[in-house]
Amino acid sequence: LGDVLGVKDEQALSSHENGRFKDEPATREEIDRVRKSLPAYTVKANLVQTIQENQVTIVIGETGSGKTTQLPQYLFDGGFCSDGKLIACTQPRRVAAMSVAKRVASEMGVKLGEEVGYSIRFEDETSDKTLIKFMTDGILLREALLDPTLDRYSCIIIDEAHERSLNTEVMLGLLKRLLAQRRDLKVVVTSATMNAARFANFFGNAPQFNIPGRTFPVQLIYSKYPVEDYVEAAVMQAVRIHASTEANSGDILIFMTGQEDVEVTAEVIKERLTDIYAKSKGIARFEEIDDVKIFTVYSALPGDIQNEIFHSLSGNKRKIVVATNIAETSLTIDGVRHVIDCGYSKLKVYNPRIGLDSLIVSPISLANANQRSGRAGRTAPGTAYRLYTEETAFEDMYAQAIPEIQRTNLSNTVLLLKSLGVDEVAKFPFVDPPPIQTLLASLNELFFIGALDKGGNLTALGNEMAKFPLQPSLCKTLLSSAQHGCSEEMVTIVSMLSVPQIFHRPKERQKESDAARSRFFVPESDHLTLLNVYSQWKSSRYSHRWCTKHFINFKSLQRAREIRGQLIKIMKKNHITLVSTGTDWDTIRKCICSGYAHQAARVAGLGKYISLRTGMELQLHPTSALYGLGDLPPYVVYNELLMTTKEYICCVTSVDPFWLMEYGTLLYDIKKVNIADLVRHPIEYSAADEGPKDEERDNEINRKLRAL
Ligand code: ADP
Ligand code: MG
């Protein structure tokens, strides 16, 4: 029982403090003083009036001017909720939705989840009382599925529109259509200073309301030579700033690409400072650095953002925040006067020709670079260190970032649009329409997995799939698991796939942690390995201690458990029964194959596979359990393709080639699949353009088939 209680304690400590902040000096006067000092406050009356008088308003303001935290409150005060309707405010990032909801609840002096709440995937912190609702743009899209007119809302704020997230873009298109139908609905699109005119045009010259800026000059310092290792360069720069200035002369914000870089950078800075301090004091080891506190910010687990990062530290102490591009616009950290920008971010990039999405570290755009630098000048003049040369900035960087819709897989989006009754997805009003090949590839994929029929109409399966907040393939696997008699196990696997970093691999104990990981291996399948981890954790009664002992990330498992609960609720609502297959794990592999037959590969050498669909060479990821088999299994399906130095397939399960023939009939069959058949109406592209490539692909598949 102690362990079970342990879980609860940990939960209470980590994220859900329901509007209570231990580290917040929240007197009413202080809160009011801060609110009144924000640029938005000076234009409050005017802003509310403009929104009242127009159906759509574009609100433009520097980051930190109060758009996200203040605007919903102004509208609330302005009577937008008087008839019981809600104000929605969407965020592209889960972390932001949660953190601003907390902030606004505490500013209004209410309990989080009551008048002010938030809703993100797998987590709903709202109630009947909720009037201001922060949510991810994806959640609002899902709500539109159930209620196409979004009748509950009097006003919808599409926040952070300049980010051009895929869901935001789809939402804007839906709203454009909805506005004619709901004359009473107010739409506010907020944007940092970039991109605003585009939104105004999209909504037929909607008024643009500018919140006057108040920023201080930022000196830009470029690297003289191209930087080879940006982590090392960032560490050096941070240490240099800290060594040469007073600790209370401004905090440091470092932009890195992703979780891994962020963690390594933070760790190395700490090491470096500890060494320097020890040397300067002439001692061998220095334990406690007392004038710096290092924070990391990335979006893996929203609950992990410490409230402390928003405040300046008391005493002669400096904050060093290492963050991903989350800190560019969605979170404002006060007190920053030094920015270090590595010049890169992680982007999801889709290649429709080979049909895969991959996270690629890519150079940021000039607009992003300026946004990053600007963070140094919010409260006083500052300095931005750019870890790239001036020539790179002006010759190699794009002026603006490429919107997500132009570069990612659209299968989920297309499925959603189809279930919203948008038949001709190519004619949907996108701010920037996606490339037609990407749309076709998505239609293709949905057809392969049976979500669409040949005419491009939603099938019964597709309809079911749209009800789950999951990737189409994962969703299909889960849906077919009841028929396979293994839904109990599959819902666990799907939940485990939905959380980051199950296995903990600390730098200094890699060998030990690898050994610990290998004890969970089920050599036929990484999916089953995940199931194995969860089952053993369950047997330990969800123990924290058990996780630590086995190098397992407790928080990730806890999150998987929550997600599992959520998914089971959705399954019950949709009459999908929970059945267990017991120890017959072949059934589970077969079920996985049913959802992933389009991502299959055949062994081609040591650690090497060849994609059955594209003929591309793939590498089995070094962490895979399949290496435990001796000989690699001849046929596999994979969950994910990771493109780094090589094309790695991750989370892989060995399958029987006959299953592939059974579930991948359309792919691994001599019958040709004509992509153009999938599009219901002829659209403005030339089908002939696609011809030869298609034939090439079909020949390739046929060749593979013969090899089968
Ligand atoms: P914008 O949306 O225009 O970028 P915000 O409304 O997010 O601006 O921020 C306004 C102010 O509120 C900033 O000074 C920011 O530091 C502060 N703030 C936002 N979130 C928090 C929080 N969780 N805790 C403390 N201060 C916060
Ligand atoms: Mg904001």
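These questions and answers walk through a predicted model of a protein.

Me: How many helices and strands does the protein have?
Reply: Start with the whole chain fold. The protein contains 708 residues, and buried ones make up 45% of them. Its secondary structure consists of 27 helices and 21 strands.

Me: Among contacts between residues at least 6 apart in sequence, what share joins residues at least 24 apart?
Reply: Contacts are counted here between residues at least 6 apart in sequence. Of those, the share that joins residues at least 24 apart is 75%.

Me: Which residues does Ile254 contact, leaving aside neighbours within four places in sequence?
Reply: Ile254 is one of the core residues that touch the most other members. Set aside its neighbours within four places in sequence. The contacts of Ile254 are then Ala234, Ala238, Thr265, Val321, Val322 and Ile340.

Me: Why is strand S1 described as largely enclosed by the rest of the structure?
Reply: Look at both sides of S1. Val56, Ile58 and Ile60 point one way, Thr57 and Val59 point the other way, and all are buried. In a regular strand the side chains alternate between the two faces of the sheet. S1 (residues 56-60) is largely enclosed because its buried residues number 5 of the 5.

Me: Which residue of S7 is the bridge partner of Ile60?
Reply: S1 and strand S7 (residues 186-191) run parallel, joined by 5 bridges. One of the S1 residues is Ile60. In S7, the bridge partner of Ile60 is Ser191.

Me: Which residue of S6 is the bridge partner of Cys89?
Reply: In strand S6 (residues 153-158), 6 of the 6 residues are buried, so the strand is largely enclosed by the rest of the structure. Strand S2 (residues 86-91) pairs with S6 in the parallel sense over 5 bridges. In S6, the bridge partner of Cys89 is Ile157.

Me: Which residue of S7 is the bridge partner of Cys155?
Reply: S6 pairs with S7 too, in the parallel sense and over 4 bridges. In S7, the bridge partner of Cys155 is Lys186.

Me: Which are the edge strands of the open sheet of 6 strands?
Reply: The strand order is S9-S16-S13-S10-S12-S11, with parallel pairing. An edge strand here pairs on one side only. The edge strands are S9 (218-222) and S11 (292-297).

Me: Which residue of S12 is the bridge partner of Ile252?
Reply: Strand S10 (residues 251-255) and strand S12 (residues 318-323) run parallel, joined by 4 bridges. In S12, the bridge partner of Ile252 is Ile320.

Me: What angle does the direction of helix H11 make with that of S11?
Reply: H11 (residues 259-281) packs on the sheet and touches S10, S11 and S12. Its direction and that of S11 make an angle of about 170°.

Me: How many residues of the shell around ligand 1 are charged?
Reply: Among the 17 residues around ligand 1, Lys67, Thr68, Thr69, Arg103 and Phe310 come nearest. Helix H5 (67-77) and H6 each supply at least two shell residues. By class, 3 are nonpolar and 10 polar, and the charged ones number 4.

Conventions: Residues numbered from 1 in each chain as written. Chains lettered and ligands numbered in written order. Predicted model: local features only at pLDDT ≥ 70, side-chain atom pairs only at ≥ 80, totals over all residues. Core = buried A, V, L, I, M, F, W, Y, C linked by C-beta atoms within 7 Å. Buried ≥ 20, exposed ≤ 12 C-beta atoms within 10 Å, placed from the backbone. Contact = placed C-beta atoms within 7 Å. Pairing = 2+ DSSP bridges. Near = placed C-beta within 6 Å. Nonpolar A, V, L, I, M, F, W, Y, C, P; charged D, E, K, R; others polar. Axes fitted to C-alpha atoms, helices over the stretch in contact; angles between N-to-C directions.
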